[in-house]
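Hi,

Here is the structure I promised to pass on to you.

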Amino acid sequence: MSESAPTTPACYRHPGRETYVRCTRCDRSICPDCMNEASVGFQCPECVSEGRRSVRPARTAFGGGAAGRHGYVTKALIAINVLVMLVSIASDRGGDAAAGGTGFGGLMGGSTPLTEWGAVLGRAMFLDGSIGGVAEGQWYRLVTAMFLHYGILHLLLNMWALWVLGQSLEAVLGPLRFAALYFIAGFGGNVAVYVFSPPNQMSAGASTAIFGLFAAIFVIMRRLGRDTSAILPILVINLIFTFTVPQISIAGHLGGLVFGGLMALVLAYAPRSHRTLVQAVGGTVIMVLLLGAALIRTVALLA
């Protein structure tokens, strides 16, 4: 009785294809179409997928996603601000917003129907006799104001600062944490305007969030043990402009600086063991405090 010829191994996924290559993880036969190059030999598609699931995604030093290196949030924020500026110009039939309007070298520009609708305003009477403002229930102004600008120069200065600061911070914090930092700084600055400025005074601009980023990059760099000597002079110069240039919102800039710095402290110094939880709770507490301050101001204005 003759011995049967040895069976030629075939790919486990393509039985009609002969192969002598085996997966280095599961030892199954795989054909060229199923081979995935590994550090040693080749792996089958299933083992590659299993390996990817078992690998933890890269995180930054503060728990954020590595996608922050691409600066998607920074670019999106700039795009939103530019788009809103275009809408603001289009809403202004007089066209002075596009030309920069009045103010220090056009820095503050002229108002438009859109800025009048979305700027921070405590409580005031409009030309048509209606009364509006945050105290009248227009709470959206505390958010929309951080995306509105008075003139092109005002926009360009803020977007340049956002581009420089945002990319660095987003890379070390990750997209979600950076977005939270930006929003809380901008919102905090607008609440400060609402609380400390005259109720009939309008204010808008991304400067509230930008000043928060200045404070944040100082805190983050210190936490990482890096040199911060180049940051302080820039911050001081911006503070000098804040107190000396007419029509700049001192409350907005300082509010953004304070609350951006507070959020940065929460993000930077949260204990590693419960980092995400502490960061989320810390951000929530800051937001609750800001909303509480806004409510107190509302009660005072309506009294």
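Below is what I found when I went looking for salt bridges.

Keep in mind that this is a predicted model. As background, side chains of opposite charge can pair when their charged atoms come close. In this model the count comes to three salt bridges.

Let's begin with Glu46 and Arg13, which form a salt bridge with their closest N and O atoms 3.9 Å apart.

Next up are Arg17 and Asp33, whose side chains meet in a salt bridge at 2.5 Å, N to O. Arg17 and Asp33 are each in the segment before strand 1, 16 residues apart, and they too link distant parts of the chain. Arg17 is partly exposed at 35%, but Asp33 has 60% relative accessibility, so Asp33 counts as exposed, since the cut-off for that is over 50%.

Finally, there is a salt bridge between Arg123 and Glu136 (2.4 Å, N to O). Here Arg123 lies in the loop between helix 4 (113-118) and strand 3 (124-125), and Glu136 in the loop between strand 4 (131-132) and helix 5 (141-144), 13 residues apart. Arg123 is partly exposed at 31% relative accessibility, and Glu136 is partly exposed at 35%.

Cheers

How values were computed. Residues are numbered from 1 along each chain as its sequence is written. This is a predicted model: local features need pLDDT of at least 70, side-chain atom pairs count only at pLDDT 80 or more; totals for chains, interfaces and linings use all residues. Side-chain values use heavy atoms; hydrogens and water are left out. A salt bridge is a side-chain nitrogen of Lys or Arg within 4 Å of a carboxyl oxygen of Asp or Glu. Helices (H or I, at least four residues) and strands (E, at least two) are DSSP runs, numbered from the N terminus. Buried means under 20% relative accessible area, exposed over 50%, partly exposed in between (1.4 Å probe, protein chains only).
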